[in-house]
Amino acid sequence: MATTKVPTIKDEIFRQELDAQYRENFRPMYRAAKCVTGNRHDADEAIEKVFVRFFEEQPSRVFRKNPKAYLCKAAMNEARNIVRSNRLRKWVGEDVSELEIATHNGEENARQSLIAALSELDPNLLEMLRLRFEQEYSCKEIAEELGRTGLGVAVNLHRGLRKLKKLMTAPGGTR
Amino acid sequence: MKKRKKMNMDEVLRKYWPAASHEEVESAGERVWKRLEAELDKHDTSLRSLYGDGWSAPPLEQLEFQVLTAVSLLGDRGTLKSITAMVHKWTGREMVGHVYLTLGGLAERGIIALHSDPTWEYGEKPAHRFEITEDGDRALRRAKIEGKELVTDREDGLAPPMNERPR
């Protein structure tokens with residue numbers, strides 16, 4: 001008679017560790033992913049992809065060093081990939097001229113334009129912008145959170161806003 | 001005609017930033033975890049860990065793997081003599097000293113357990129039996145996944161047998 005091996009407590013170690021990491025980091029990960037994708041469906045998918053990768057391969061050293069930073073950055077990168085592949089799918093199916101995003105064509109366009117532009121930014125810069133405009137942190141608080149100098153944060157934010165503006169006003173949106 | 005007020009970037013970001021409410025984050029947390037649990041069931045993660053070397057099972061050296069496999073195969077017949085004999089088949093060398101030391105090391109790490117017969121008297125069958133523990137079983141499963149082989153040649157880093165002279 002074939003018997004199935006009963007899982008022991010030690011067999012559950014991975015699940016417990018994953019659960020702990022998930023509970024601790026889901027919220028910042030979701031907020032980070034949402035600010036890139038602009039919708040909850042894609043943010044969900046991005047986070048799922050980040051964790052599913054752990055089932056298939058060993059976590060990197062960077063993760064072991066600073067799990068929170070790694071997971072938030074991974075969520076942002078995954079969200080960015082999703083946004084890009086969605087955009088590509090749209091371009092394949094539609095006429096490019098229909099996708100030009102103009103900020104003066106209503107609120108929804110402005111929102112879409114901002115999301116498209118955000119997905120083009122560097123994850124570090126995006127995290128700074130998120131802390132600034134979502135959490136309403138000051139430059140000093142952002143600097144403390146990310147381990148940088150206040151002046152560095154201010155300069156990065158200034159440059160980031162300039163780049164964002166350029167991306168949003170460029171003909172054809174973010175391309 | 002009324003002139004449209006132009007917004008600066010700060011205002012645009014404050015107004016259109018895709019923020020998530022507390023309720024939204026909480027419901028997303030539940031939703032994604034359910035999906036992850038379903039996905040987790042498709043993978044065997046019983047030996048995995050997010051930390052350390054990525055395993056929740058202890059690592060084994062080549063000889064430790066051979067000795068532990070012998071202990072596992074022999075079950076309650078695992079004595080120093082029978083284990084050494086089995087390891088000898090895989091290595092092609094008589095290495096009772098190495099096996100003895102390896103058994104000691106494995107027992108110290110809790111990978112095998114040593115059972116002594118209190119009623120043993122001189123001249124009877126051997127007093128000590130070695131049995132594999134749960135950690136040992138996990139270590140063995142890890143070694144198999146890592147692709148460790150039982151039969152080895154002399155390139156495994158061990159010293160050549162005593163009766164062989166160097167040329």
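Reader: At roughly what angle do the axes of α1(A) and α6(A) cross?

Author: This is a predicted model, in which local features need pLDDT of at least 70 and side-chain atom pairs count only at pLDDT 80 or more, while totals for chains, interfaces and linings use all residues. Residues are numbered from 1 along each chain as its sequence is written, chains are lettered from A and ligands numbered from 1 in the order in which they are written, and side-chain values use heavy atoms, with hydrogens and water left out. Helices are DSSP runs of H or I with at least four residues, numbered from the N terminus, and axes are lines fitted to C-alpha atoms over the stretch in contact, with angles from 0 to 180 degrees between N-to-C directions. The axes of α1(A) and α6(A) come within 10 Å and cross at roughly 100°.

Reader: How are α1(A) and α6(A) therefore placed to each other?

Author: Angles of 65 to 115 degrees count as roughly perpendicular. The two helices, α1(A) and α6(A), are therefore roughly perpendicular.

Reader: Which residues of α6(A) make the contact?

Author: Contact means heavy atoms within 4.5 Å. On α1(A) the contact is made by A:Pro28, A:Arg31, A:Ala32, A:Cys35 and A:Val36, and on α6(A) by A:Leu126, A:Glu127 and A:Arg130.

Reader: How many salt bridges are counted between chain A and chain B?

Author: A salt bridge is a side-chain nitrogen of Lys or Arg within 4 Å of a carboxyl oxygen of Asp or Glu. One pairs B:Asp41 with A:Arg15, whose closest N and O atoms are 3.0 Å apart, and B:Glu37 also meets A:Arg15 in a salt bridge, at 3.9 Å from N to O. The latter pair crosses from helix α2 (residues 22-40) of chain B to helix α1 of chain A. Over all chains the search finds 24 salt bridges, and the count between chain A and chain B is 8.

Methods: Parallel < 35°, antiparallel > 145°, perpendicular 65-115°, else oblique.
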